[in-house]
Amino acid sequence: MIKDIKGLHHVTSMAADANTNNQFFTNTLGLRRVKKTVNFDAPEVYHLYYGDELGTPGSVMTYFPFGTMPKGRRGAGEVGVTEFAVPEGSLPFWTERLSSKGVAGLAQDTAFGETRLSFEGPDGDGFALVESDAQGRTAWTSGNVSEDAGIFGFRGARFRLRDADATGELLTYMGYQKAEHEGDITRYVIEGGNAADTIDLEQVGNAAPAADQGAGSVHHIAFAVEDRAAQLRVREALMQTGYQVTPVIDRDYFWAIYFRTPGGVLFEIATNEPGFDRDEDTAHLGEALKLPTRYEPHRDKIEALLPPIAA
Ligand code: ZN
C-alpha cells in the first residue's frame, strides 16, 4: 500500500471565458489568484490558479479558459463535485452572497454530518461549500469575503461512478480508508494528510457517461506528495499494480505524473515542492504573466493572443 499521498493537491477544470472565470473565483468566492500562466501544450490558452495566500497544496483550483467552448455533458465517470471547506456557521452568508450574484444551482443539504451548500460555477461546474474545521488553515481575505466566512481550501471531492468499487480499491491502495456510507455515497478518508482529505464515491448505476469534456468539466484531480522522492515511490507502486503512469513532468510549480483510473477519472500525483512562490514574491503572486521557459522567447506573440484579465 502507498503511504505517501497527503490528500488533494489541486483540481483542474476547463472554462469558457477567462474574465468570467477570474471574476468568479477571485471576487465571488474570494480566493487569491496565485498564478497567471499558460497551458503547457497550448500557450494561447491561460492556465489560471486560485487558492489561499500561497496556493498551498489542497487549496488550488486551476482552470484552462478556452474562450468559447461548449459545456461538457455531465454524467458518470467524472469528478461531479469539487468541495471547499468554509467556517462553521458561514453558509447563511454564502447563500445570501451567491444568491445575490445570481449563482445557479444553490441547494443546502447535509452529508456525513456536514452541512453543505451546492452551487454551480459559471460553466455549470459542480461545487459545494462544506462547513468544516479550519484544521490549521487560514482563508485568503482579499476584502471580498471576510475571515469568518472565507474558504480554507478544499474539503474533498465527490466522484460520480458507475462502478464505485473499482475506484474504491484504488483509493484504498493509495492510502485512503473506507469510512462511512450514506445512501449511494461511500466516503474515503486519508489519515495524516493535509485537510483536503476526503473522496466521496457516488454510485450512479446506469447514468449516461460524462461526454464531450468541455467548459465546466473537471479535466483531472491531483493528489499531493511531499517531494520528488515520494512521487517516484508512488509511481513505482502504481506501475507494479498495472497502471500506465506517465513519466515525471516538470510543471514549473510542482512535478506531475498522470494515470487514468478504472472509473474514467484522470488522476495526477503532484509534489508539494517547489510551490508558487518560486518565481514571484508572495506579495505579488498571480499578478504578472508567467511563461514556461520554452515560451519566453515568444512572449510578445503569446501576450497578443491572450485576452487581458482584470486584476
Ligand atoms: Zn494538474
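Mentor: Before we start, helices (H or I, at least four residues) and strands (E, at least two) are DSSP runs, numbered from the N terminus. This is a predicted model, so local features need pLDDT of at least 70 and side-chain atom pairs count only at pLDDT 80 or more, while totals for chains, interfaces and linings use all residues. Residues are numbered from 1 along each chain as its sequence is written, and side-chain values use heavy atoms, with hydrogens and water left out.

Let's begin at the metal. Three residues coordinate the zinc ion at 1.9 to 2.0 Å: His 10 through NE2, His 220 through NE2, and Glu 268 through OE. The donors (N, O and S atoms within 2.8 Å of the metal, or 3.2 Å for Na, K and Ca; water is not among the atoms, so sites may look incomplete) follow the spacing H-x209-H-x47-E along the chain. Distant stretches are brought together here: His 10 sits in strand S1 (residues 8-15) and Glu 268 in strand S16 (residues 266-274), 258 residues apart. His 10 counts as buried because its relative accessibility is 2% (buried means under 20% relative accessible area, exposed over 50%, partly exposed in between, with a 1.4 Å probe and protein chains only). Glu 268 is buried too, with a relative accessible area of 0%.

Now step back to the sheet. It is open and has eight strands in the order S2-S3-S4-S1-S13-S16-S15-S14, with mixed pairing (two strands pair if DSSP finds at least two bridges between them). S2 (32-38) and S14 (249-250) are the edge strands, each pairing on one side only. Further in, S1 and S13 pair in the antiparallel sense over five bridges, and Leu 8 has Phe 223 of S13 as its bridge partner. Helix H1 packs on this sheet, touching S1, S2, S3 (46-51) and S4 (60-65), and its direction makes about 10 degrees with that of S3. For that angle, axes are lines fitted to C-alpha atoms, for helices over the stretch in contact, and angles run from 0 to 180 degrees between N-to-C directions.

Asn 21 counts as buried because its relative accessibility is 2%. Setting aside residues up to four places away in sequence, Asn 21 touches Ala 15, Leu 48, Tyr 50 and Tyr 63 (contact means heavy atoms within 4.5 Å). Tyr 50 turns up again as the bridge partner in S3 of Arg 33. S2 and S3 run antiparallel and are joined by six bridges.

For context, most residues other than glycine have a negative phi, and most peptide bonds are trans.

Asp 252, in the loop between S14 and S15 (254-260), has a positive phi near 70 degrees. With a relative accessible area of 14%, Asp 252 is buried. Asp 212 lies in the loop between S12 and S13 and has a positive phi of about 50 degrees, although it is not a glycine. Asp 212, by contrast, is exposed, with a relative accessible area of 58%.

That S12-to-S13 loop also holds Val 204, with S12 covering 198-203 and S13 covering 218-225. Besides its neighbours within four places in sequence, Val 204 is in contact with Ala 76, Arg 160, Leu 161 and Arg 162. The C-alpha atoms of Val 204 and Arg 160 are separated by 6.1 Å, though the two residues are 44 apart along the chain.
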